[in-house]
Amino acid sequence: MSRSAQHLQEAAEWLTRLQRPEVEETDWLAFDAWLIEPGAQAAYDAVQAIDEEIFQRGSALRGELAEPRRAAAKRAFSIDWRWLGGLGVAGAAAAVALAIAPWGEMLPQADTLYSTARGESRGVQLADGSHIDLNTDSRISVRLEKDARRVTVHDGQALFDVAHDKARPFLISAGDETVRVVGTKFDVRRRDGQLSVTVLRGLVEVSTDGDDTPVRLRPGQMLEHVEGASGVTVTNVSADDQVGWRSGRLIYRDQPLSRIVADMNHYFDRPVRLEGENTAALRFSGVLIVDGQDAMVRRLTSLMPISATPTDDAIVLRGRPSAPN
């Protein structure tokens, strides 16, 4: 193998290696040392050009590449390379070198769906180094692109710890809101048409459909918004309170009972219902430990003027009559 061909093969291997989630600082130092070699930079540029071409043609190639993956033992890998003609000899050679790399890491990825069941939480480590903690009964989708990292919060709550990447902003869509960050830590909640964003570290910009100017949030600030309505509310909060769910604690400060019950119903299959005039509007401040449903209901009835009545298919909460004067 000639030295130039070897450089092309090494360049393809470096491109693949540096896109993996387990890449470390030692890998980048080794890569920098490799680039100093005569011809290495040109080879890497050629491989990147092919990678970009493949990215642009990824949809057409995906089906062709999937079949050899499923049936590699049945027939040899084959692609029509005629579209490489305009890229020159170096480009074509680089494409051949790329053929030995894991194709799944070179092609644009479809959305990846992550979800949790009632009572379940999970952590998700993304390939870019970002980490997501999903709360109970939540559903998000993620797509990592070359110029952006995109997440859609379909329903639920998630805590994001975003790896810094100035060239690829982290964009989150939640209803009619878009959250834009580069590297920070924040919580996004979307439940029953109610949206909230709470910042723990760094800066976050939140844009709402129809509003020209995004709202910038700093640590300790929470933005709340009703989906489809105009305007937002920004308040100073204890950020740790908003993510208490990560340690099995639901922390409330002067919240209506309807909010507490709605949260509980995301943890358990047996629903809790509210009955009686003004029951839903009763206010609560305190901490609820998330364990068994019966235990949580008992704590709630001991802290509020309500009673609990089990039925065949639910637990009914009613406000207790006020004591006579």
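Let's start at one residue. Leu171 sits in strand β6, which covers residues 170-174. Keep in mind that this is a predicted model. Is Leu171 buried or exposed? Its relative accessibility is 14%, so Leu171 counts as buried; the cut-off for buried is under 20%.

What does Leu171 touch, leaving aside residues up to four places away in sequence? There are contacts to Ala148, Arg149, Arg150 and Val151. Val179 and Arg180 are touched as well. Now look across to Val182. Leu171 and Val182 are eleven residues apart in sequence. In space, their C-alpha atoms are 8.8 Å apart.

Step back to the whole chain. The protein has 325 residues, and 40% of them count as buried. It contains eight helices and 18 strands. Now take the contacts with a separation of 6 or more. Of these, 49% join residues 24 or more positions apart.

Next, a helix pair. Two packed helices are described by the angle between their axes and the distance between the axes. Here the pair is α7, residues 257-264, and α8, residues 293-303. Their axes come within 12 Å. The crossing angle is roughly 170°. Angles over 145 degrees count as roughly antiparallel, so that is the description for α7 and α8.

Which residues make this contact? From α7, they are Leu257, Ile260 and Met264. From α8, they are Met296, Val297 and Leu300. By class, that gives six nonpolar residues, no polar ones and no charged ones. Look at the spacing along each helix, too. An α-helix has 3.6 residues a turn, so residues three or four places apart point the same way.

Stay with α8. Its buried residues are Gln293, Ala295, Met296, Val297, Leu300 and Thr301. What do they pack against? One partner is α7. The others are strands: β14, β15 (272-275), β16 (283-289), β17 (306-310) and β18 (315-319).

How many residues line it? The lining has 34 residues. Nearest the centre are Arg189, Glu224, Gln242, Gln255 and Arg259.

Where does the lining come from? Several elements supply at least two residues each. Among them are the strands β8 (185-191), β9 (194-201) and β12 (221-226). Helix α6 (239-242) and helix α7 are included too. Strand β14, residues 249-256, also belongs to this group. The largest share is from β14, with six residues. By class, the lining has eleven nonpolar, 13 polar and ten charged residues.

Last topic: backbone angles. Most residues other than glycine have a negative phi. Two aspartates here have a positive one. Asp137 has a phi of about 50°. Asp137 lies in the loop between β3 (131-134) and β4 (139-144). With a relative accessible area of 22%, Asp137 is partly exposed.

Where is Asp192 found? In the loop between β8 and β9. Asp192 is exposed, with a relative accessible area of 63%. And both of those strands supply residues to the lining of the second largest pocket.

Notes:
Residues numbered from 1 in each chain as written. Predicted model: local features only at pLDDT ≥ 70, side-chain atom pairs only at ≥ 80, totals over all residues. Heavy atoms only, no water. Axes fitted to C-alpha atoms, helices over the stretch in contact; angles between N-to-C directions. Helix = DSSP H or I, 4+ residues; strand = E, 2+ residues; numbered from the N terminus. Parallel < 35°, antiparallel > 145°, perpendicular 65-115°, else oblique. Contact = heavy atoms within 4.5 Å. Nonpolar A, V, L, I, M, F, W, Y, C, P; charged D, E, K, R; others polar. Buried < 20%, exposed > 50% of the residue type's maximum accessible area, 1.4 Å probe, protein only. 1 Å grid on protein atoms, 1.4 Å probe; cavity = no way out; pocket = protein on both sides within 12 Å on 5 of 7 lines; lining within 4 Å.
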